Amino acid sequence: MFEGIDFVNKEFFWLLLALPLAILWYILKHKSQTAELKISSLKGFKITRSALPKFKHALFVLRLLALALLITALARPQRVDTSTKTKTTRGIDIVMAIDVSASMLAKDLSPNRLDALKEVASEFIKGRPNDRIGLVEYAGESYTKTPITSDKAIVLRSLNDIKYNTVIEGGTAIGMGLATAVNRLKDSKAKSRIIILLTDGVNNSGFIDPKIASELAVEYGIKVYTIGLGSNGMALSPIGINSRTGDFEYARIQVEIDEALLKEIAKVTGGTYFRATNNQKLEDIYNEINKLEKTEIEEFKYSNYQELYRPLVLLALGLLFLEFLLRHTLFRSFV
């Protein structure tokens with residue numbers, strides 16, 4: 001009955017405690033308010049039976065209901081309709097530069113480094129509804145997989161399609177991957193622009209020095225978060241392709257990540273370097289970046305107040321008028 005209704009002056013409901021007292025007073029006093037005539041016999045009087053006197057208590061009920069309605073009206077019931085408008089005041093453009101060299105198929109993360117990354121990065125993208133995101137792939141060379149876009153369905157589909165292939169030249173060109181990501185962001189009008197650069201190796205290919213690429217990022221005001229992916233020590237990694245089956249052959253080899261370079265890139269661009277040695281740490285890293293790079297959102301609330309006390313007052317006055325009318329007409333002989 002009162003769903004969606006708020007009472008501004010709830011303290012007036014304490015007056016409802018007077019209603020039981022009024023009922024008690026009426027029960028104790030109503031007999032004394034009725035005139036009595038005592039006679040020794042009714043012989044000689046014509047007796048007529050009427051149900052009307054039994055309904056005289058309805059007058060008190062009407063007055064009691066009117067009082068309850070007036071108390072409720074004093075509590076000032078309102079129906080509040082609230083609408084919300086959200087405005088993004090600070091958007092972030094993000095490019096994820098992903099190493100897709102053969103070493104990303106190493107099985108020190110489950111099921112392998114690349115698939116583990118895709119799973120975690122997918123959740124990261126879903127958690128950034130107000131930002132534009134793009135994807136860059138690199139191995140021995142680099143290219144843009146998806147330009148920065150606000151269409152998360154496109155980004156997620158492109159991320160899911162990332163896999164190791166022989167189209168891209170082998171090797172790890174960190175400088176080229178970073179430079180391509182910078183190129184995607186340099187003309188962005190966003191207030192904040194960041195690159196998440198992930199690799200599991202050392203820069204051993206490409207014609208752009210990673211330090212030159214990081215200087216370009218600084219020039220355009222782009223922050224770079226770097227992630228070294230791979231366990232410490234030995235990892236089960238692909239070493240070649242079986243000529244008969246076409247499948248990768250694996251062996252345990254030493255994990256080599258150029259952490260000094262990744263730390264330097266992050267430092268000069270104002271970002272942070274992270275090391276992911278397992279699935280959980282990789283997930284924690286993306287959660288940390290998600291917390292560090294927050295999109296500012298401004299929320300506006302509009303409230304429409306509809307006063308509901310007027311119908312209650314009118315109904316109470318109607319009941320009082322009805323009680324007055326009945327008291328001085330139909331029940332005039334009994335009250």
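Hi everyone, let's start with confidence: in this protein it is lowest in strand β2 (residues 77–90), with a mean of 67, and highest in strand β7 (residues 223–229), at 97. The score is pLDDT, the predictor's confidence in each residue, from 0 to 100. Across the protein the average pLDDT is 85, and 84% of the residues score at least 70. Helices (H or I, at least four residues) and strands (E, at least two) are DSSP runs, numbered from the N terminus.

This is a predicted model, where local features need pLDDT of at least 70, side-chain atom pairs count only at pLDDT 80 or more, and totals for chains, interfaces and linings use all residues. Residues are numbered from 1 along each chain as its sequence is written, and side-chain values use heavy atoms, leaving out hydrogens and water.

Now, the surface. Patch residues have over 30% relative accessible area and no salt bridge; like charges are joined within 9 Å, nonpolar side chains (Val, Leu, Ile, Met, Phe, Trp, Tyr) within 5 Å. A salt bridge here means a Lys or Arg side-chain nitrogen within 4 Å of an Asp or Glu carboxyl oxygen.

Glu119, Glu283, Asp284 and Glu288 form a negative patch. Helix α8 (residues 279–292) gives the most to that patch, three residues. Asp284 sits in helix α8, and Asp284 counts as partly exposed because its relative accessibility is 39%; buried is under 20%, exposed over 50%, partly exposed in between (1.4 Å probe, protein chains only).

Then there's a nonpolar patch of about 340 Å², made by Leu70, Leu314, Leu317 and Leu320. Helix α9 (residues 309–327) supplies the largest share, three residues. Leu317 lies in helix α9 and is partly exposed, at 47%.

Key:
Accessible areas come from the Shrake-Rupley method with a 1.4 Å probe; for residues, only the protein chains shown count as cover. Lys and Arg count as positive and Asp and Glu as negative; His and the chain ends are not counted. The place of a charge is taken as NZ of Lys, CZ of Arg, CG of Asp or CD of Glu.
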